[in-house]
Every structure is written in C-alpha cells, then in structure tokens.
Amino acid sequence: MAFTLPALPYAYNALEPHFDEATMKIHHSKHHQAYVDNLNKAISGTENEQKTLEELVANAGKISPAVRNNGGGHWNHSFFWESLSPQGGGDPEEGLLKNIHDTFGSFDAFKEKFNQAGMTRFGSGWAWLILADGKLQICSTPNQDNPLMDVSEIKGTPLLGVDVWEHAYYLKYQNRRGDYLAAFWNLVNWEKVAERMHA
Ligand code: MN3
C-alpha cells in the first residue's frame with residue numbers, strides 16, 4: 001500500500017500572516033510530497049511495504065535510513081499540519097492548561113521552555129511536547145526523528161510539535177527562528193493537542 005500526501009485541513013493562505021502562503025505551499029506540496037514519494041520508493045518491493053507508518057516509525061532503528069528519514073518526515077508533517085489552525089492560538093482548555101501549570105509553573109514558562117528546545121536544536125529537527133509516563137515533557141529530535149521512534153533519546157506520545165528546519169520559515173523569517181516560533185503560538189490548535197492528551 002503506497003502512502004499518499006494528506007490534504008491540508010485549511011487553505012495554503014489560511015495561516016497568514018503568521019505562516020505565509022508561499023512557505024505553506026512549498027512545504028506541503030514539495031517537501032512533504034517528497035518525503036511521501038521517497039518513502040514509497042524506499043519500501044517498494046520490500047517487506048516494509050506491508051507495514052503501517054506507525055510500525056515503520058516505531059522500528060526506525062531497525063530499518064534503512066531512507067525509510068527512517070522519509071517515514072519520519074511523512075509522520076511528522078502529517079502531525080504538524082493537524083497541530084495548526086487558522087482559529088488557533090490563545091490558551092488551551094482547562095484540563096490541559098492545569099497540567100501545563102502543574103508541570104512547568106506557568107503557561108509562559110512552558111512556552112519559553114518549548115521555544116528553547118526549538119532554538120537549541122542545532123541544524124534541522126523538531127521540538128515536541130510529549131506525554132511520557134503520564135507526564136508532560138518537552139524535548140527535541142534531530143532531522144525527521146520523533147519521540148515515537150525506538151532510536152529517540154526521549155520517548156513518549158507527541159502532543160504538539162514544531163518543525164524547525166529552515167524550509168519551514170526561511171522565506172518569511174530568513175534566519176530568525178525565534179520570530180517563527182513566536183508566530184507559531186498564534187496557530188496552535190489547542191483542541192487537537194488536548195484531544196491527543198485525553199486519548
Ligand atoms: Mn518540514
């Protein structure tokens with residue numbers, strides 16, 4: 001079963017002015033599409049063709065780098081698009097907000113720590129809010145790895161993630177990763193994040 005590119009749950013220009021239309025279009029239709037295409041190429045004619053994306057990601061350390069990188073790229077981007085919304089931003093719902101307060105001290109302290117994870121990820125990668133042993137935790141991963149992978153230093157269930165590859169922000173923000181992360185908070189789909197936490 002070949003993997004396919006999921007449609008964005010909103011228009012390319014729907015996240016303006018925070019994430020610009022050109023970046024969203026290239027990011028989804030070129031970058032994400034390439035991960036899907038290269039994943040399909042890498043699994044074609046192998047036993048991995050029968051596996052789900054979740055199975056491939058969970059066994060990243062036992063599969064080829066091409067499947068790990070492109071499978072991770074496909075999973076991470078599909079997750080990222082769903083984490084954003086034109087109606088996003090603001091505060092999370094009460095249960096999630098309380099959990100954030102209890103874990104990080106305050107919502108601002110949480111955002112600062114998450115931003116720091118994104119800022120200090122050298123080169124390309126992702127910053128994450130995860131649920132590990134029932135507790136919220138912030139971490140980051142290199143390249144297209146994620147906390148579901150057996151190879152990940154810190155493992156858990158991703159609740160929120162942000163792409164800090166330059167392709168995610170360079171057109172609008174150039175080298176200003178911090179400005180991109182600041183804009184990201186205006187788009188976070190907290191309903192989706194809470195739904196993942198309660199799942
Ligand atoms: Mn990307």
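1. In the hairpin of E1 and E2, two residues lie between the strands, and Asp133 there takes a positive phi near 55°. The strands E1 and E2 run antiparallel and are joined by eight bridges; two strands pair if DSSP finds at least two bridges between them. The bridge partner of Ala127 in E2 is Ser140. Helices (H or I, at least four residues) and strands (E, at least two) are DSSP runs, numbered from the N terminus.

2. The model is predicted, with local features requiring pLDDT of at least 70 and side-chain atom pairs counting only at pLDDT 80 or more, whereas totals for chains, interfaces and linings use all residues. Residues are numbered from 1 along each chain as its sequence is written, and side-chain values use heavy atoms, with hydrogens and water left out.

3. The manganese ion has as protein donors His27 (NE2), His77 (NE2), Asp163 (OD) and His167 (NE2), which lie 1.9 to 2.1 Å from it. Donors are N, O and S atoms within 2.8 Å of the metal (3.2 Å for Na, K and Ca); water is not among the atoms, so sites may look incomplete. Along the chain the donors follow the spacing H-x49-H-x85-D-x3-H.

4. Are His27 and Asp163 buried or exposed? His27 counts as buried because its relative accessibility is 1%, and Asp163 counts as buried because its value is 0%. Buried means under 20% relative accessible area, exposed over 50%, and partly exposed in between (1.4 Å probe, protein chains only).

5. Helix H4 (residues 94-104) has the buried residues Leu96, Leu97, Ile100 and Phe104. These residues lie on the same side of H4 because they cover an arc of only 100° around the axis, the arc being that of the directions from the helix axis to the C-beta atoms. The face turned away from this buried side carries the exposed residues Glu94, Lys98 and Asp102. The buried residues of H4 pack against helix H5 (107-120), strand E1 (125-132), strand E2 (135-142) and helix H8 (190-198). After H4 comes Gly105, with a positive phi near 100°.

6. Ser83 lies in the loop between helix H3 (65-82) and H4, and counts as buried because its relative accessibility is 0%. Its side chain reaches the backbone oxygen of Phe79 at 2.7 Å. Leaving aside neighbours within four places in sequence, Ser83 is in contact (heavy atoms within 4.5 Å) with Leu160, Leu187, Val188, Asn189 and Arg196.

7. The largest nonpolar core has 56 residues, and those with the most contacts inside it are Phe19, Phe110, Phe114, Phe184 and Trp190. E1 gives the most to this core, with six residues. Such a core is a set of buried Ala, Val, Leu, Ile, Met, Phe, Trp, Tyr and Cys residues joined through side-chain atoms within 4.5 Å. Not counting residues up to four places away in sequence, Phe19 touches Met24, Phe80, Leu84, Tyr180, Ala183, Phe184 and Leu187.

8. Tyr10 is placed in the segment before H1 and, at 11% relative accessibility, counts as buried. The side chain of Tyr10 reaches the backbone oxygen of Trp81 at 2.8 Å. Residues touched by Tyr10, not counting those up to four places away in sequence, are Leu15, Met24, Trp81, Leu84, Ser85 and Pro86.

Terms used: Polar contact = N/O pair within 3.5 Å; in protein donor to acceptor, adjacent residues only side chain to side chain.
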